Amino acid sequence: MSTSNSKYELRGINHLALVCSDMQRTIDFYSGVLGMPLIKTIELPGDLGQHFFFDCGNGNTIAFFWLTDSPEAAPGLAAPKGLPDEGELASAVGSMNHVAFAVPVEQFDEYYSRMQAEGIKVSRLLNHDDSPSGVSRHVHPGTFVRSFYFQDPDGVLLEFACWTRTFTDADVAHEPKTAADRRVPTAP
C-alpha cells in the first residue's frame with residue numbers, strides 16, 4: 001500500500017536504523033523475544049562495525065548498527081552530524097541513526113534528480129552491495145539496495161531507499177559483535 005500524494009509515491013518505511021551496543025543481545029531480543037526474522041547482515045568496511053536487518057512485516061524492516069566507535073548513550077546525541085558519504089555515520093547507542101523511506105525502484109533516479117532540483121543537499125547515489133567497500137558505482141546482480149541520504153531542517157538523517165533483490169539465507173553470514181568488541185571513547 002502506498003501513500004498517495006502528488007510529489008512522491010512513498011511506500012512506507014524501508015527501514016528504521018538504530019544503534020545498539022551489543023548485536024547478539026539485539027538479535028536475542030528482536031528475533032527471540034519479538035519473533036522478527038534476521039534477514040540481512042552486513043560487515044561494514046574499515047572495521048566500522050555491522051548493520052543487521054530484521055523483518056518487521058509487510059516488507060518493512062528495522063535495522064541496527066553496531067558501530068566500533070559509537071559514543072555511549074547520551075540524550076541529545078540523536079543523529080549523525082552529516083551525510084554518510086561525507087564520513088558521518090556515528091551516533092550514540094540507543095539513538096535513531098536515520099529513517100529510510102521505501103520508494104519505487106523504477107522512480108529512484110527521478111526522485112534523486114528531483115530532490116537536487118529542489119535545492120536539497122543529497123549524498124551521492126549509493127548502490128549497496130557485499131563488496132569490501134560496501135557500495136558500487138553501478139547496479140549489478142549483487143546490489144541489494146539503492147539509496148541516497150539527506151537531512152531534515154533539524155539535522156535528522158533521512159534516506160530514500162529501494163530493495164533491488166530478494167534476500168536468501170546466504171545474506172545472513174556475519175557473526176554478531178558484542179559490547180566487549182566496542183572501542184568506547186574515553187574522556188580526556
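When I say contact today, I mean heavy atoms within 4.5 Å. Quick housekeeping: this is a predicted model, with local features needing pLDDT of at least 70, side-chain atom pairs counting only at pLDDT 80 or more, and totals for chains, interfaces and linings using all residues. Residues are numbered from 1 along each chain as its sequence is written, and side-chain values use heavy atoms, with hydrogens and water left out.

So, contacts. Take those in the protein chain between residues at least 6 apart in sequence: 56% of them join residues at least 24 apart.

Now the overall fold. We've got two helices and nine strands; these are DSSP runs, H or I of at least four residues for helices and E of at least two for strands, numbered from the N terminus. Starting at the N terminus, the order goes β-α-β-β-β-β-α-β-β-β-β.

How much of the chain is buried? That's 42% of the 188 residues, where buried means under 20% relative accessible area, exposed over 50%, and partly exposed in between, using a 1.4 Å probe and protein chains only.

Let's zoom in on one residue, proline 37. You'll find proline 37 in the loop between helix H1 (23-33) and strand E2 (38-44). Proline 37 counts as partly exposed, because its relative accessible area is 43%.

And which residues does proline 37 touch, leaving out those up to four places away in sequence? Ser31, Phe53, Phe54 and Asp55. Cysteine 56 sits 19 residues from proline 37 in sequence, and the two are 7.8 Å apart in space, C-alpha to C-alpha.
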